[in-house]
Amino acid sequence: FVVRYFVLTTEKIKGKLDEQHALLLEEQEKSERLLFNVLPARIARRLKNKQELIADGYADVSVMFADLSNFTQLTEEFSPEQMVSMLNTIFSWFDAMTEKYKLEKIKTIGDAYMVVGGFDREHYNYAAHVADMALEMREFVALHPDLAKHKLGLHIGIATGPGVAGVTGTRRFIYDLWGDTVNIASRLTDEARRGEIAVDKNTYHRLRQQHYLFEPPTNIAVKGKGEMTAYRLTGRSSEAKPSIYQPDNLHNLSGAESAGGLR
């Protein structure tokens with residue numbers, strides 16, 4: 001009787017432990033999915049492996065800011081649900097474009113969207129990927145019936161150069177990018193008018209041999225750097241090839257231009 005009681009009790013305890021273990025694994029999987037949704041996969045894996053400080057220097061990246069115009073005025077007319085729903089529609093589509101062009105979403109700042117190309121060494125033509133995404137984003141906002149109805153538009157800035165990326169915070173992790181390249185891209189966004197895509201000289205030189213079309217250069221004042229030359233990207237010529245998975249495009253890149261995330 002004692003042995004039988006002991007066996008039954010042991011089985012009950014084992015069953016409860018198995019149930020608790022299954023619940024623990026489920027919660028762990030949820031936490032990992034959340035971490036991988038918040039941070040780039042390669043960064044999430046490094047955090048998971050207990051790496052305390054994550055800081056990476058990149059010799060060359062392409063940074064884009066896309067800012068919605070006329071959205072602030074709509075916040076006075078929309079309910080909170082309408083405003084968040086519209087932003088979710090726009091940013092979810094931008095997220096899909098980021099995946100399509102193998103770029104990295106950094107963050108959203110209010111109604112602005114920040115994306116970077118050059119972190120992934122397997123995709124060297126990142127300046128063209130960023131430019132193609134910018135053109136497609138502009139078209140999406142201009143042609144989407146709900147967005148066009150409210151006269152929403154985009155003004156976009158793209159800059160190419162070095163940058164430093166890393167994770168900050170302990171309770172709410174943030175993966176961010178810093179440096180002059182980020183500041184220039186932000187300044188170009190401010191200078192661009194509705195529907196315009198402004199790029200710096202580095203980005204222009206990467207794209208001009210790949211059948212992208214530009215308006216004549218203009219000079220703009222950048223805080224802390226003085227005057228700099230900016231170009232307005234208008235589209236692609238009929239001779240242009242898609243930038244995605246086209247190794248033939250790489251013959252235009254050499255040296256630092258094809259560094260793509262060298263540390």
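Helices (H or I, at least four residues) and strands (E, at least two) are DSSP runs, numbered from the N terminus. By that rule, the protein has eight helices and nine strands. This is a predicted model: local features need pLDDT of at least 70, side-chain atom pairs count only at pLDDT 80 or more, and totals for chains, interfaces and linings use all residues. Residues are numbered from 1 along each chain as its sequence is written, and side-chain values use heavy atoms, with hydrogens and water left out.

**Overall**
- Of the 263 residues, 43% are buried (under 20% relative accessible area, 1.4 Å probe, protein chains only).
- Take contacts (heavy atoms within 4.5 Å) between residues at least 6 apart in sequence: 69% join residues at least 24 apart.

**Nonpolar cores**
- A nonpolar core is a set of buried Ala, Val, Leu, Ile, Met, Phe, Trp, Tyr and Cys residues joined through side-chain atoms within 4.5 Å.
- The largest has 39 residues, and Met64, Phe94 and Met133 touch the most other members.
- Helix α5 (residues 126–143) gives this core its largest share, 10 residues.
- Apart from it lies another core, of 28 residues, including Val61 and Ala192.
- Beyond four places in sequence, the contacts of Met133 include Met64, Phe94, Thr98 and Tyr113.

**Thr98**
- Thr98 sits in helix α4 (residues 80–100).
- Thr98 counts as buried because its relative accessibility is 3%.
- Its side chain makes a polar contact of 3.1 Å with the side chain of Tyr113. Such a contact is a pair of N or O atoms within 3.5 Å; within protein, one must be able to donate a hydrogen and the other to accept it, and residues adjacent in sequence count only if both atoms are side-chain atoms.

Note on methods. Buried means under 20% relative accessible area, exposed over 50%, partly exposed in between (1.4 Å probe, protein chains only).
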